[in-house]
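Please look over the sequence and the structure below. The paragraphs that follow go through them part by part.

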Amino acid sequence: MIDSLPRREREIFEIVCGLGEGTASAIRGAMTDPPSDSAVRALLARLVAKGLIAHRTENQAYIYAPVPQTDAVAASALQRLVQTFFHGSAASAATALLGMEPKLASDEIDALQRMIDQARRDAK
């Protein structure tokens, strides 16, 4: 569903996911070339109607947050990233991600090794 969102809705959704939660003003402030306040609020309302974000009231302000479906959203965003920047190669994307981290914790290295071992077994 994320892939089918219009550009501005997807931008707002990604900002809300990145922030964890935020007001319309904070979300607008994080946008590239933001539209008017009312346009941002209208886009937020559309995302609420689609069930992708929710809001609560705090000190007379709406605080927006992503609806917990993190795994599906993360998988969709990662798939789009791999297709767009790595020509569909998950291995190239993984290599680039590992290059960004100067030092991995041993449990992270162990988890990566398990995934590599599983990929080897599946390839046979």
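A residue is called buried when its relative accessible area is under 20%, exposed when it is over 50%, and partly exposed in between, with a 1.4 Å probe and protein chains only. By this scale Asp33 is exposed, at 62% relative accessibility. Asp33 is placed in the loop between H2 and H3, where helices (H or I, at least four residues) and strands (E, at least two) are DSSP runs numbered from the N terminus. The phi angle of Asp33 is near 45°, a positive value in a residue other than glycine. Asn59 also has a positive phi, near 50°, and is likewise a residue other than glycine. Asn59 sits in the loop between E1 and E2 and is exposed, with a relative accessible area of 75%.

Some notes on the source come next. This is a predicted model, in which local features need pLDDT of at least 70 and side-chain atom pairs count only at pLDDT 80 or more, while totals for chains, interfaces and linings use all residues. Residues are numbered from 1 along each chain as its sequence is written, and side-chain values use heavy atoms, with hydrogens and water left out.

The interior can be taken up now. A nonpolar core is a set of buried Ala, Val, Leu, Ile, Met, Phe, Trp, Tyr and Cys residues joined through side-chain atoms within 4.5 Å. The largest such core here has 16 residues, and those with the most contacts inside it are Ile12, Phe13, Ile27, Leu44, Leu47 and Ile53. Two or more residues of this core come from each of helix H1 (7-19), helix H2 (24-29) and helix H3 (37-49). Contact means heavy atoms within 4.5 Å. With its neighbours within four places in sequence left aside, Ile12 is in contact with Ile27, Met31, Val40, Leu43, Leu44 and Leu47.

Helix H1 also contains Glu9. Is this charged residue, Glu9, buried or exposed? Glu9 is buried, with a relative accessible area of 2%. Leaving aside neighbours within four places in sequence, Glu9 is in contact with Leu43, Arg46, Leu47 and Lys50. The side chain of Glu9 makes a polar contact with that of Arg46 at 3.4 Å. A polar contact is a pair of N or O atoms within 3.5 Å; within protein, one must be able to donate a hydrogen and the other to accept it, and residues adjacent in sequence count only if both atoms are side-chain atoms.

Side chains of opposite charge can pair when their charged atoms come close. A salt bridge is a side-chain nitrogen of Lys or Arg within 4 Å of a carboxyl oxygen of Asp or Glu, and the structure holds seven of them. One of these joins the side chains of Glu9 and Lys50 (2.6 Å, N to O). This pair links distant parts of the chain, with Glu9 in helix H1 and Lys50 in the loop between H3 and strand E1 (53-58), 41 residues apart. Lys50 is partly exposed, with a relative accessible area of 35%. Glu9, Arg46 and Lys50 are linked in a network of salt bridges.

Another salt bridge is formed by Glu21 and Arg56, whose closest N and O atoms are 2.9 Å apart. Glu21 lies in the loop between H1 and H2 and Arg56 in strand E1, so the pair ties together parts that are 35 residues apart in sequence. Glu21 is partly exposed at 40% relative accessible area, and Arg56 is partly exposed at 35%. Asp37 and Arg28 also meet through their side chains in a salt bridge (3.3 Å, N to O).

Both Glu21 and Arg56 are touched by Ile63, as are Gly22, Thr23, Ala54, His55 and Glu58, not counting residues up to four places away in sequence. Ile63 is in strand E2 (residues 61-66) and is buried, with a relative accessible area of 10%. The C-alpha atoms of Ile63 and Thr23 are separated by 4.8 Å, although these residues are 40 residues apart along the chain.

Helix H4 (70-85) and helix H5 (90-100) each give two or more residues to the patch, and H4 gives the most, with three residues. Leu78, found in helix H4, is partly exposed, with a relative accessible area of 44%.
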